[in-house]
Amino acid sequence: MKVNSLKELYLEELKDTYDAEKQIVKALPKMVKAASTPELQKAFEAHLEQTKGHVQRLEQIFKGLGEEPKAKKCDGMRGILEEGEEVVSEGSEGPVRDAGLIAGAQRVEHYEMAVYGSLKTWAEQLNDDQAAQLLEETLNEEKKADQKLTQIAESSVNTNAAAAASARAGSRR
């Protein structure tokens, strides 16, 4: 589709983001199961519930635009999630895999922060204050999720992953 206006670009990006969020809703339960750190499992579970809310907000924005909620295949998110699935399938259970899960989840968060920042700005330019507010709420939640993942990584997971790697290396000598 050829995009000729900011409103068309905005709508296309909303469709892409709607698909991305739906992909994340499907991926997060797998991440919960793959995580071995209880705090990480809880963070993924909490973000799953938040992400369901993100989908609902997007549906509300579509409704406000007089559009049916419609997804457009988001290849970017698909690729990020596929890389995350490799961490799960190729790594053994434990802190090293948890560190990989956090890195993958933070890639997702950073992608979403970029998208929601643009969408919010475009909604403001298009004088859609309600959508801008909803998009800002989601953007702030994505930032908090990223911060929570950093906190989990720095407080325990990365240290435990490094210790596990050192222990394996020591046992091979």
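**Entry 1**

I looked up Arg-57 and found it buried, at a relative accessible area of 14%. I note here that the model is a predicted one. The cut-off for buried is under 20% relative accessible area, so Arg-57 with its 14% falls in that class.

Next I asked which side chain meets Arg-57 in a salt bridge. The partner is Glu-137, at 3.3 Å from N to O. Arg-57 belongs to helix H2 and Glu-137 to helix H5 (residues 129–172), so this pair ties together parts of the chain 80 residues apart in sequence. Glu-137 is partly exposed, with a relative accessible area of 32%, whereas Arg-57 is buried.

**Entry 1: other salt bridges**

I searched the whole structure for salt bridges and got 10. I wrote down two more of them.

One joins the side chains of Glu-12 and Lys-15, with 3.4 Å between N and O. Both residues sit in helix H1, three residues apart, which is about one turn of the helix. Buried or exposed, I asked of Glu-12 and Lys-15? Both are buried. I also recorded that Glu-12 and Lys-15 are linked with Lys-72 in a network of salt bridges.

The other is between Arg-78 and Asp-75, whose closest N and O atoms are 3.8 Å apart. The cut-off is 4 Å, so the 3.8 Å of this pair is counted. Arg-78 and Asp-75 are three residues apart in helix H3 (residues 75–90), so about one helical turn separates them. Arg-78 is partly exposed, with 29% relative accessible area.

**Entry 2: aromatic rings**

I looked for aromatic pairs and found one in the structure. Tyr-18 and Phe-62 make up the pair, in an edge-to-face arrangement with 5.6 Å between centres and 75° between planes. Why edge-to-face? Planes over 60 degrees apart count as edge-to-face, and the planes of Tyr-18 and Phe-62 are at 75°.

Tyr-18 is in helix H1 (residues 6–34) and Phe-62 in helix H2 (residues 38–64), so the pair links distant parts of the chain, 44 residues apart. Tyr-18 counts as buried at 5% relative accessibility. Phe-62 is buried as well, with a relative accessible area of 0%.

**Entry 3: Lys-120**

I looked up Lys-120 and placed it in helix H4 (residues 95–125). Lys-120 counts as buried, its relative accessibility being 17%. Which residues is Lys-120 in contact with, leaving aside neighbours within four places in sequence? They are Ala-132, Leu-135, Glu-136 and Leu-139.

**Entry 4: the largest pocket**

I looked up the largest pocket and noted a volume of about 210 Å³. Its lining has 18 residues, and those closest to the centre are Ala-43, His-47, Glu-109, Ala-145 and Leu-149. Helices H1, H2, H4 and H5 each contribute at least two residues to this lining. Sorted by class, the pocket lining has 12 nonpolar, two polar and four charged residues.

**Entry 5: the cavity**

How many cavities of 30 Å³ or more does the structure hold? I found one.

**Entry 6: the chain as a whole**

I left the overall description for last. The secondary structure comes to five helices and zero strands, and the order from the N terminus is α-α-α-α-α. I recorded the span of the C-alpha trace along its principal axes as about 65 × 30 × 20 Å. The protein chain has 173 residues, of which 42% count as buried. I also looked at contacts between residues at least 6 apart in sequence, and 81% of these join residues at least 24 apart.

How values were computed
Residues are numbered from 1 along each chain as its sequence is written. This is a predicted model: local features need pLDDT of at least 70, side-chain atom pairs count only at pLDDT 80 or more; totals for chains, interfaces and linings use all residues. Side-chain values use heavy atoms; hydrogens and water are left out. Rings of Phe, Tyr and Trp (its six-membered ring) pair if their centres lie within 6.5 Å; planes under 30 degrees apart count as stacked, over 60 as edge-to-face and the rest as tilted. Helices (H or I, at least four residues) and strands (E, at least two) are DSSP runs, numbered from the N terminus. Buried means under 20% relative accessible area, exposed over 50%, partly exposed in between (1.4 Å probe, protein chains only). Contact means heavy atoms within 4.5 Å. On a 1 Å grid over the protein atoms alone, a cavity is a set of points where a 1.4 Å probe fits but cannot get out, and a pocket is an open set with protein on both sides within 12 Å along at least five of seven lines; lining residues have an atom within 4 Å of a point. Grid points are joined across faces, edges and corners, and a volume is the space filled by probe spheres set on the points. Ala, Val, Leu, Ile, Met, Phe, Trp, Tyr, Cys and Pro count as nonpolar, Asp, Glu, Lys and Arg as charged, and the others, Gly among them, as polar.
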